[in-house]
Amino acid sequence: MRRLLATLGFCRVTQKRKPLERSYDSIYDVQEARALLGRLEYQKGNMEAAYRVFEGIDMDVVKPNIKVALTRRCQPQRRHSKSDSVPLMSLHAVSLLFEAIFLKSKALKALGRFEEAAQSCHVILETVESAIPEGMNGRFSTHYKFQEILDKAVALLPELWKLAGNPHKAISSYRQALLFRWDLEVETRAMIEKEFATFLLYSGVDASPPILRFQPEGAFIPKNNIEEAILLLLLLLKKFLQRRICWDPSIMDHLSFALSISGDLQTLALQLEELPEYVIDRKGRCRALALCYHGEGEDQVSLNLLRNLLNDRENKDGTLDLLLASKICARDAKLSEEGLNYAIKATKRLEGQCEQLAGKASCLLGTLSSAQSRNVTSDSKRVELQSEALEALATSEKLVKGEDSNIIYHLALENAEQRKLDVALTHAKKLLKLENGSSSKGWVLLARILSAKNRYLDAETIVDAALEQTEKWEHAELLRTKAKLQIAQGQTKNAIKTYTHVLAVLQVRRKSFGVGKKHLERRDQGRMLEMETWHDLADVYTNLSQWQDAELCILYQAQGHDKEAQQAFWEALDKDPSHVPSLISMAKIMMKLGDEALPIARSLVRQAIDIDRTNYSAWYTLGLIHRSESAGTSAVEAVECFEAATLLEETAPVEPFR
């Protein structure tokens, strides 16, 4: 009945007008009538009926005149021409028809016809873009209804494409919404930016880099999803700092995730420092900054921040701070005692609490007890700490139900160092199964444990399997272990070939290092491994009496300068004074400098023995030093050292376990 009344109403009006006006009005009055009727049905919740009414609007007829109406309103005043004889469609009529198309899309969405809904919504945006290619530029700011419908359509289209299962068109729609000048409300634009950023981060769809119509010189173009998401989130953060939008905590959560997986925690730290105090309190900022600097490898800065938190009496819930401080201290032998105190406190606080966190705390307690045992001089204290280390690690394994590979690794390692090889072997096999052979660390440890049991062939088989399972980046350490195993089996020529392969891998790896502290640390580790490899080669050639090759290896060992070798080892000892291989290597270099340097060499070796009394290489080197000394008792002491080295070598791995 309403439809009939509406039709009769506009027909009576058009009969009184001129023929051209009647033709024009009869067309558009029908379309507008349908738009009004459809809106009424939509407001009643009759989605199917609303869709049928809207479907009757002939867009092929009205679309050209909508474009003309929008284009003319963006042009400067000019004289009328013959082409202007057709009355210009009012902006009210344009808004009414756009609203009809928008509501049609909403009705289709409610009916579950998402792709049709997206195609319908796209008509609005495509019409405006083709009519005003340079963008809105504030020319429709006073026409609130028109701008409101446009804002809603721009925000709706990406959502419809996502529901339709077309993520690439959704990404294209998001970029269309943000790159074209729609004169969107600040809140609407911020909402679209946030939704797009989260879609890029979590959808699992690889978005190709955006293609811009106009690209200013020096403009930043994101290369992947993460970069584009970070850019959007930083823009949102900037708007908040400019007080253009309200604070949304999820923005910082998403930005933290994006910057963490991109490895750019320095930028995250800068953003955290810029946030006002009413957004993040001092403790929260301090804790977040500590995590950022720890992730960037700035452990000393991170530890200082954590110390400030832990010394704050108002910080009653500092369990996580204690765990992170313990973890940082566990990386530095000089901080093992401090870290041990943190781990003890964390373990006590977590009693009866979350088993996963309690397991982590017990693991840290075990590793720090082990580290501290290498620093003490008392034999009884050393044995006590070693026992406590095994007990804490066993507790942590029970708490996590044996499902944490890091805990299993440390259990295997600690048992191996205490020469409980059968137990260590069981844990190492469990570790390999748990990690599914994905990490070279587990393979290397298993091979070393087998070598300590004189099962060299089995150990070499393990290394060969590891070379097939792991990334080439990790092959240098595996190949060096293989070379040591080949030497132990008397396969000297094969070992030389393997050492050559190690050097080739290290050379390629050295060229691949980037910038930053983490890369510098890896580069230093690679440099140390390279020098140790040259030293191993020199020993091999010496044993073969190929003196010229041995001298060449020693020359390359420090790239022609013994001072560089000394500096490298001193740097390693400065970072970790308890690093036994560095102590022994430094002692060997000191022995080459003559009798005057023998006391220094002896002091270094004795320090190595105090840390690891089971290291046969340290005892053997001490025996060489005593043999070089002229004192009468030195010969007797040398024999005793050689006997100890021989006895320890029977259960020694081809390389130190740690």
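**Side-chain contacts in a predicted model**

Tyr 202 is partly exposed because its relative accessibility is 42% (buried is under 20% relative accessible area, exposed over 50%, partly exposed in between; 1.4 Å probe, protein chains only). The structure is a predicted model: local features need pLDDT of at least 70, side-chain atom pairs count only at pLDDT 80 or more, and totals for chains, interfaces and linings use all residues. Residues are numbered from 1 along each chain as its sequence is written, and side-chain values use heavy atoms, with hydrogens and water left out.

**Surface patch**
- Tyr 202 belongs to helix H9 (residues 186-202); helices are DSSP runs of H or I, at least four residues, numbered from the N terminus.
- Together with Phe 257 and Ile 261, Tyr 202 forms a nonpolar surface patch of about 290 Å² accessible area.
- Patch residues have over 30% relative accessible area and no salt bridge; nonpolar side chains (Val, Leu, Ile, Met, Phe, Trp, Tyr) are joined within 5 Å, like charges within 9 Å.
- Areas come from the Shrake-Rupley method with a 1.4 Å probe; for residues, only the protein chains shown count as cover.

**Aromatic pairs**
- There are eight aromatic pairs (Phe, Tyr and Trp rings, the last by its six-membered ring, with centres within 6.5 Å; planes under 30 degrees apart are stacked, over 60 edge-to-face, the rest tilted).
- One of them is Phe 240 with Trp 247, tilted, at 4.7 Å between centres and 50 degrees between planes.
- Phe 240 is buried at 4% relative accessibility, and Trp 247 is partly exposed at 25%.
- Phe 240 also pairs with Tyr 278: centres are 6.4 Å apart and planes are at 65 degrees, so this pair is edge-to-face.
- Phe 240 sits in helix H10 (residues 225-241) and Tyr 278 in the loop between helices H12 (265-274) and H13 (282-295), so the contact ties parts 38 residues apart in sequence.
- Tyr 278 is exposed at 56%.

**Salt bridges**
- The whole structure holds 26 salt bridges (a Lys or Arg side-chain nitrogen within 4 Å of an Asp or Glu carboxyl oxygen).
- Glu 99 and Arg 39 meet at 2.9 Å, N to O.
- Glu 99 is in helix H5 (residues 91-110) and Arg 39 in helix H2 (residues 19-44), so the bridge ties parts 60 residues apart in sequence.
- Glu 99 is buried at 10%; Arg 39 is partly exposed at 24%.
- Lys 430 bridges to Glu 397, with the closest N and O atoms 3.1 Å apart.
- Helix H20 (residues 421-435) holds Lys 430 and helix H18 (residues 379-399) holds Glu 397, so this pair ties parts 33 residues apart in sequence.

Technical notes: Helices (H or I, at least four residues) and strands (E, at least two) are DSSP runs, numbered from the N terminus.
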